[in-house]
Amino acid sequence: MDLFGALLFQVIGQQLSVAATRRTLARIGPSLTGHLPAPAGLLAVDPAKLREGGLSWRKIGTLRDVAERLSDGRLDRVALSELPDDELLATLNAIPGIGPWAVQGAMLMAQCRATM
């Protein structure tokens, strides 16, 4: 799982159990071609379809913001992977809706980084 996929999982799962997160992913999966999408893939999905699948408008906005930043170059995957933990945390925390727990969870899932 790459950093975008891990952030997608973390944001969808905010305030939900892992089981509820997986159910939500299963509901929106058909809109995402059955797997975690690349940023451009998420941007191609009608936000209303994601809402119908159980995501809040706030979570949809956060995910689209991250996807746009990765797509337009404001965030660079290679540069992000090379940042020290504290700088990666600060960079991603600057995005509305992305908090420290989401970043730390994504770092563990996508980059096998342990923070704390």
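1. Confidence. This is a predicted model in which local features need pLDDT of at least 70 and side-chain atom pairs count only at pLDDT 80 or more, while totals for chains, interfaces and linings use all residues. The mean pLDDT (the predictor's confidence in each residue, from 0 to 100) is 89 for the protein, and 92% of its residues reach 70 or more. Residues are numbered from 1 along each chain as its sequence is written, and side-chain values use heavy atoms, with hydrogens and water left out.

2. Fold. The protein has eight helices and zero strands; helices (H or I, at least four residues) and strands (E, at least two) are DSSP runs numbered from the N terminus. Its pattern along the sequence is α-α-α-α-α-α-α-α. The radius of gyration, 13 Å, is close to the 13 Å that the globule rule gives for 116 residues, so the protein is as compact as a globular protein of that length. That radius is taken over C-alpha atoms, and the rule is 2.2 Å times the number of residues to the power 0.38. Along its principal axes the C-alpha trace spans about 35 × 30 × 20 Å.

3. Packing. Of the 116 residues, 41% count as buried, that is, under 20% relative accessible area with a 1.4 Å probe and protein chains only. Contacts (heavy atoms within 4.5 Å) with a separation of 6 or more come to 61% from residues 24 or more positions apart.

4. Largest pocket. A pocket is an open set of points on a 1 Å grid over the protein atoms alone, where a 1.4 Å probe fits, with protein on both sides within 12 Å along at least five of seven lines; lining residues have an atom within 4 Å of a point. The largest pocket holds about 220 Å³ of space, a volume being the space filled by probe spheres set on the points. Its lining has 13 residues, with Gln-10, Gly-13, Gln-14, Gln-15 and Leu-16 nearest the centre. Helices H1 (3-12), H2 (18-28) and H8 (100-111) each supply at least two lining residues, and H8 gives the largest share, three. The lining comprises six nonpolar, seven polar and no charged residues.

5. Gln-10. This lining residue, one of those nearest the pocket centre, belongs to helix H1. Gln-10 counts as buried because its relative accessibility is 19%. Beyond its neighbours within four places in sequence, Gln-10 is in contact with Trp-101, Ala-102, Gly-105, Ala-106 and Met-109.

Terms used:
Nonpolar A, V, L, I, M, F, W, Y, C, P; charged D, E, K, R; others polar. Buried < 20%, exposed > 50% of the residue type's maximum accessible area, 1.4 Å probe, protein only.
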